[in-house]
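Work through the exercises below with the model open. Each task is followed by a solution in steps.

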Amino acid sequence: MRLALRIAVCVKQVPDPETPASAFKVDESVNRVVPAPGIPPVVNGFDLHAVEAALRIKDAGDAEVIILAVGNDFVMDVMKKPLSMGADALVLAEDPALEDLDAPATVKVLAAMIEKTGPFDLILGGRQASDWDQAHVPLGLAERLGLPSVTLARNVEPQDGKVRVERALTDGYQVVEAPTPTVVTVSNELGEARYPTLRGIMAASRKQPERLTLDDLGLTVDDLKPILTLRRLFIPESESQVEIIEGEDEADAGRKLALRLRELNLI
Amino acid sequence: MAGILVIGEIQDGGISAVSGELLTAAGKLVDEGVSGGVSLAVMGDDLSAVTAAQAPGAERVIRMSDPALKDEGTGGYDAPVLAVAALNESISPDVILFAKTDFGAVAGPRVAFKLGVAVAQDCIDVALDSETGRVAVTRPVFGGNALAIYGFNGGGTQIATIRPGVFDPVEGEGSGTVEDFDVSDAVSGVRTILVETVVQESEGVRLEDADVIISGGRGLGGPEPFEQLQELADLLGGAVGASRAACDAGWIDHSYQIGLTGKSVKPTVYLSVGISGASQHMAGLSGARNIVAINKDGDANIFKSARFGVIGDWEKVLPAFTATVRDLAG
């Protein structure tokens, strides 16, 4: 009998990227984003696409889907979303020392979690996180674990001992094959992540996350020192200089807009 | 050794335009005091068409030729990562610059993690911090809502990927030396295999090259309005683009997507129709010279960056705009 595939999906809790620009604030004295009042964090959108990719594999055969996350101040209703979508287990490394890690430190923690909870056939993650947009933790993970990586997946299909990935490019796609285990990052071209069902939400509410401490992972705070330092975080000033074209009605405004652009030889 | 190593990319056999942008960024660091000169490395299976003249500002062009480096070493980029790591060991640069392309966004970080050094992705500026003698970079974060300045502390090679379209390509003709660097031993053990590449070029003018772009977003409400956008684009000799929201909704293929995840464009005129202007989208427009917005919400973010705007229902504004353009064309 074929053993079930084991799939790890790395997810991150981030501020809701749909936060209106007017509610997006930065505290420049500490270089941090101020959480918008009343707007809860979310699981990073691309990470939910990665969860969806794992669940599609599970739908098509036999697979166990384990969610891994590193951070601090997790909101459990938020972090359980992948479970309510259908993932099997949630493993959290939560500690004040795990807040605002740089990518190499995050990679160290995730790699230790994977070694502790593995082995896995596939390690998935979103193509980038909507907070710091670095798009490289999964790549570091692959390098640290000595695994191949394929990015920007729009389709992930495990086959005997390997994985076939359709990789979205700016003008089309590539079909890439890599031996498993491998690290794959998933992009929005995969298609929408499923909504949790009521049954899924009930099942998730009964599941408790497994928690790993730095000690469990054999890491110390010293291991997590940043090598890329955030010196300054600020919201760029934008002076609006828009010339609003008005007309007798909306059609007239459209006509005048065309005439104005022609006047300036722009069209 | 020291200096700056620019990882060039190949286009039509020669050094790509984006690589010229990297040479400009490297030149800025040299002007600010980074010593040791600029080297440009290129990889591929046949680099016979690469010349020093194509790389103004580079003291030397380093060719790394190997069959494993064909097609950028395929979608997993194992071979280029190994090749750059071997070159790094040989010439020990202070700084390595990649372009944040499909290739560089993967190869840059993988090289950094292989070497155990820091990398900053998607930078829009690089500068020498005269106090520390190390490089500082500026990068958009939180989907472009904020900018962050990072410093490379500690030692080791400083690796950055540079957002395409931010620096102008270097001008003139290069006069450096050309040398070959043997990577045949380094690039063994490649694990990922490229099965095929499927190119889905949007029809007509390429978005990246278009001088006029007519772009639609969530406000269009469905796929049909994109036909009207195409009609206008055809009249103006331009191309159609879209926001991620419109692509994710399935109204138009993702190859039309403009933004942080999608294409970066630099048209003279960018006419956005029913696009709110989320930072994620605006990140693809840093090279657009004149943003023109049609949106019914006067508070929409797009008007903050637009030069001209009409606040109104696109279904009424756009047909009149198109008809006027047609009349003007006579």
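**Exercise 1.** List the buried residues of helix α8 of chain B and find what they pack against.

Solution. Buried means under 20% relative accessible area, exposed over 50%, and partly exposed in between, with a 1.4 Å probe and protein chains only. By this cut-off the buried residues of α8(B) are B:Trp314, B:Val317, B:Leu318, B:Ala320, B:Phe321, B:Thr322, B:Thr324 and B:Val325. Next, take contact as heavy atoms within 4.5 Å. The buried residues of α8(B) then pack against α4 (225–236), β16 (269–273), β17 (290–295) and β18 (308–311) of chain B, and also against α7 (250–263) of chain A. Helices (H or I, at least four residues) and strands (E, at least two) are DSSP runs, numbered from the N terminus.

The model is predicted: local features need pLDDT of at least 70 and side-chain atom pairs count only at pLDDT 80 or more, while totals for chains, interfaces and linings use all residues. Residues are numbered from 1 along each chain as its sequence is written, chains are lettered from A and ligands numbered from 1 in the order in which they are written, and side-chain values use heavy atoms, with hydrogens and water left out.

**Exercise 2.** Which strands pair with β10 of chain B, and in what direction?

Solution. Two strands pair if DSSP finds at least two bridges between them. Strand β14 (residues 228–234) of chain A is joined to β10(B) by 6 bridges and runs antiparallel to it; here A:Arg232 stands opposite B:Ile149. Strand β9 (residues 134–141) of chain B is also antiparallel to β10(B), again with 6 bridges, and B:Ala136 stands opposite B:Gly151. β9(B) and β10(B) form a hairpin with 4 residues between them, and B:Phe142 in the turn has a positive phi of about 50 degrees. Of the 7 residues of β10(B) (146–152), 6 are buried.

**Exercise 3.** How many disulfides are there over all chains?

Solution. A disulfide is a pair of cysteine sulfur atoms within 2.5 Å. The search of the whole structure finds 0. B:Cys247 counts as buried because its relative accessibility is 3%.
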